[in-house]
Amino acid sequence: MMSRLLPAVSGRVPGVPPTPAMARVVGLLAHRWFSGAFRGPLQVIRCPAPQLHVSGPAMAASQEDFAKAMNQVKLLKEDPGNEVKLKLYALYKQATEGPCNAPKPGMLDFILKAKWDAWNALGNLPKETARQNYVDLVSSLSASSCSQVTPAADKKQAESDSLVVTSEDGITTIRLNRPAKKNALTTQMYRDIMRALEAASEDSSRITVLTGSGDYYCSGNDLSNFKDIPPDKVEERAQSSAVLLRDFVDCFIDFPKPLIAVVNGPAVGISVTLLGLFDVVYASDRATFHTPFSHLGQSPEGCSSYIFPKMMGPSKAAEMLIFGKKLTAREALAQGLVTAVFPDDTFQKEVWARLKAYAKLPPNAMRIAKRLMRHQEKEKLHAVNAEESRVLAERWVSDECITAIVAFLSKKAKL
Ligand SMILES: CCCCC/C=C/CC(=O)SCCNC(=O)CCNC(=O)[C@H](O)C(C)(C)COP(=O)(O)OP(=O)(O)OC[C@H]1O[C@@H](n2cnc3c(N)ncnc32)[C@H](O)[C@@H]1OP(=O)(O)O
């Protein structure tokens with residue numbers, strides 16, 4: 001089935017170079033980036049599927065992994081759907097041929113055009129990254145039977161893991177588990193959350209919850225993700241991070257079951273913007289909601305540039321997304337970002353009692369209600385996500401952004 005996705009698109013036209021402005025900024029500022037070996041912790045998804053194993057700092061997939069993944073694709077039991085097939089096609093082409101230089105097919109060549117668009121959207125993503133993303137995607141597709149009750153033996157180790165996924169009482173819980181770093185999201189965590197969502201969409205649970213361990217819900221993107229990038233790789237990294245971000249947010253847009261955020265404490269950056277893609281958001285009265293994008297020289301993501309103005313009106317959204325105004329839980333409730341606020345001392349008890357009751361409702365009825373409420377906006381949300389990710393890739397190489405991140409990493413600044 002999948003082998004039909006792999007025929008070559010022939011013909012060559014000039015490629016898509018990075019903009020001269022970006023290249024200039026990278027050249028001027030590259031020397032200010034941090035260097036030195038990254039010493040990230042190991043991260044684990046607690047999941048019996050063999051593909052979701054311990055992984056350390058990002059590694060490039062070997063040709064052998066790539067070849068294995070191509071074989072795995074042919075063995076998939078279920079059709080992954082056109083959107084995923086297009087992603088696989090695009091990554092395969094990028095990994096084997098590099099950026100799309102083929103002539104754009106005519107408007108009426110629907111299939112060829114969709115394939116060309118998917119490939120072309122990868123821009124200058126390096127071949128190695130495309131290979132890795134292809135392997136990751138195939139691995140997540142093969143892992144669809146994952147995520148049942150966490151084995152008791154694993155629970156002992158969970159404290160040291162960055163992401164813990166459990167499934168119990170009809171609820172799959174994805175817990176951010178880096179309390180010492182305020183649950184900041186590493187690159188590996190983005191990938192692991194995507195895999196966990198893919199698995200949760202297929203498992204027997206009825207609702208899915210995202211929450212955090214410790215005093216924070218999440219402090220947003222781990223700013224160390226910007227560390228250790230060789231000067232000549234800054235642009236490449238910005239592009240591959242934008243692809244990762246887009247794929248990550250797409251998983252939330254497309255998630256088919258009720259998705260609930262249990263916001264146990266302060267939330268920052270992408271952990272706030274994503275809330276607009278959840279069905280229900282419960283917050284402790286200790287939680288705050290902070291999107292300091294301008295302070296960081298960055299721009300909004302998670303479809304917030306579209307959802308927040310619709311949800312709270314343009315001027316309240318501007319206070320958050322342009323001026324970085326931090327909201328209390330009660331203010332977020334008043335703006336519609338939060339569904340309900342609970343006193344911190346009874347938060348866990350009250351919220352989980354509610355969720356357990358919801359998880360007893362008929363699953364198909366819940367999915368159908370969600371689909372009816374969301375499907376008309378889906379296409380728009382994917383377009384907004386693509387644009388926000390593209391713009392962020394530009395911001396990441398900007399002087400404003402680099403200065404802010406250098407200040408944080410050198411301990412000169414904090415929110
Ligand atoms: C694929 C890529 C997608 C990218 C998507 C883009 C998203 C955009 C965003 O999410 S923007 C938001 C980025 N987040 C921040 O700017 C928060 C930075 N952190 C802080 O300002 C503060 O740490 C704090 C206000 C969250 C908490 O302050 P507090 O004083 O209570 O605690 P500490 O500062 O001592 O924090 C404890 C340790 O945790 C580390 N840490 C916290 N947040 C982050 C982070 N986002 N990135 C990296 N590290 C973080 C902090 O450095 C401390 O570490 P240390 O103990 O080793 O010093």
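## A buried pair

Arg178 counts as buried because its relative accessibility is 11%, where buried means under 20% relative accessible area, exposed over 50% and partly exposed in between (1.4 Å probe, protein chains only). Arg178 makes a salt bridge with Asp222, and their closest N and O atoms are 2.7 Å apart. (A salt bridge is a side-chain nitrogen of Lys or Arg within 4 Å of a carboxyl oxygen of Asp or Glu.) Arg178 sits in the loop between S2 and H7, while Asp222 is in the loop between strand S3 (207–212) and helix H8 (234–254), 44 residues apart. Asp222 is buried too, at 9% relative accessible area.

Helices (H or I, at least four residues) and strands (E, at least two) are DSSP runs, numbered from the N terminus.

## About the model

This is a predicted model: local features need pLDDT of at least 70, side-chain atom pairs count only at pLDDT 80 or more, and totals for chains, interfaces and linings use all residues. Residues are numbered from 1 along each chain as its sequence is written, and side-chain values use heavy atoms, leaving out hydrogens and water.

The whole structure holds 17 salt bridges. In one of them, Asp169 meets Lys356 at 3.9 Å, N to O. Asp169 is in the loop between strand S1 (163–168) and S2, and Lys356 is in helix H13 (residues 347–358), 187 residues away.

Glu400 pairs with Arg395, with the closest N and O atoms 2.5 Å apart. Glu400 is exposed at 53%, and Arg395 is partly exposed at 23%.
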